[in-house]
Amino acid sequence: MGFTGFGDAAVDFYEGLEADNSRAYWSDHKHLYESHVREPMHALLADLEAEFGPGRIFRPYRDVRFATDKSPYKVQCGATAGPHYVQLSADGVMVAVGYYAMVPGQVARFRAAVDDERHGPVLASIVEDLGRDGFTVAGDRLKTRPRGTDPEHPRLDLLRHRSLYAWCAWPPSEELHAPALAERVATTWRRLDPLGRWLDEHVGVDLDDGAERARRRR
């Protein structure tokens with residue numbers, strides 16, 4: 001069955017989970033997660049697979065081994081298809097493209113490409129265009145410049161990045177529960193694709209460093 005929208009209880013489920021992030025709440029409401037969130041997310045990814053590749057949904061359980069916050073469940077359902085990301089939460093839908101985290105080998109390739117006078121200006125133009133279109137460009141960044149970098153480098157702001165992605169979000173509305181949401185996600189991913197393609201070409205996956213985990217928005 002194709003994507004028909006997220007279930008009517010999807011937002012309420014996450015609002016409740018934010019208020020009571022407990023195993024008791026999860027146990028009592030897991031059926032809502034399965035039918036109103038997870039199953040529609042599977043259908044959405046299936047509808048988009050032909051264009052964007054196979055997707056996968058992140059586990060709903062948080063890794064709390066080294067976290068101060070011991071809440072056991074994520075308050076969003078996130079999924080990826082390559083560098084493309086989509087997320088459902090109580091705040092609505094968030095869509096992004098990019099590398100949410102980069103391992104050292106990727107960071108080195110990223111900075112080399114940004115510094116390159118052929119490839120760096122292309123990324124700068126992509127980022128500028130996305131910002132002009134209302135997307136938020138974000139990522140983990142150094143507070144200072146990378147060691148040895150000219151303080152007057154024309155792309156110093158980009159060189160500070162240790163990850164890079166662009167995103168936008170839509171608050172809850174009737175669109176959330178309609179089939180047309182799939183096309184809106186697809187249209188947004190297409191607009192963000194120049195960033196994903198640049199990263200794929202110049203940074204790419206470093207399997208030795210476990211970078212499959214790094215090609216995520218969240």
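Helices here (H or I, at least four residues) are DSSP runs, numbered from the N terminus, and their axes are lines fitted to C-alpha atoms over the stretch in contact, with angles running from 0 to 180 degrees between N-to-C directions. The model is a predicted one, so local features need pLDDT of at least 70 and side-chain atom pairs count only at pLDDT 80 or more, while totals for chains, interfaces and linings use all residues. Residues are numbered from 1 along each chain as its sequence is written, and side-chain values use heavy atoms, with hydrogens and water left out.

Start with H1 (residues 10–19) and H2 (residues 23–52), which pack with their axes 9 Å apart and at an angle of about 150 degrees. H1 and H2 are therefore roughly antiparallel to each other, a label given to angles over 145 degrees. The crossing of this pair is left-handed, that is, the near helix is turned anticlockwise from the far one by less than a right angle. On the H1 side, the contact (heavy atoms within 4.5 Å) is made by Ala10, Asp12, Phe13, Tyr14, Gly16 and Leu17. H2 brings Tyr25, Trp26, His29, Leu32, Tyr33, His36 and Val37. Sorted by class, that comes to nine nonpolar, three polar and one charged residues; Ala, Val, Leu, Ile, Met, Phe, Trp, Tyr, Cys and Pro count as nonpolar, Asp, Glu, Lys and Arg as charged, and the others, Gly among them, as polar.

The loop between H1 and H2 is where Asn21 sits. The side chain of Asn21 reaches the backbone oxygen of Tyr73 at 2.8 Å. Setting aside residues up to four places away in sequence, Asn21 touches Ser71, Pro72, Tyr73 and Val75.

In H4, Val122, Leu123, Ile126, Asp129 and Leu130 meet Arg191, Leu192, Pro194, Leu195 and Trp198 of H6. By class, this contact has eight nonpolar and two charged residues, with no polar ones.

H6 also holds His202. With a relative accessible area of 15%, His202 is buried (under 20% relative accessible area, using a 1.4 Å probe and protein chains only). Leaving out neighbours within four places in sequence, His202 is in contact with Arg109, Ala113 and His119.

Notes: Helix = DSSP H or I, 4+ residues; strand = E, 2+ residues; numbered from the N terminus. Parallel < 35°, antiparallel > 145°, perpendicular 65-115°, else oblique. Buried < 20%, exposed > 50% of the residue type's maximum accessible area, 1.4 Å probe, protein only. Polar contact = N/O pair within 3.5 Å; in protein donor to acceptor, adjacent residues only side chain to side chain.
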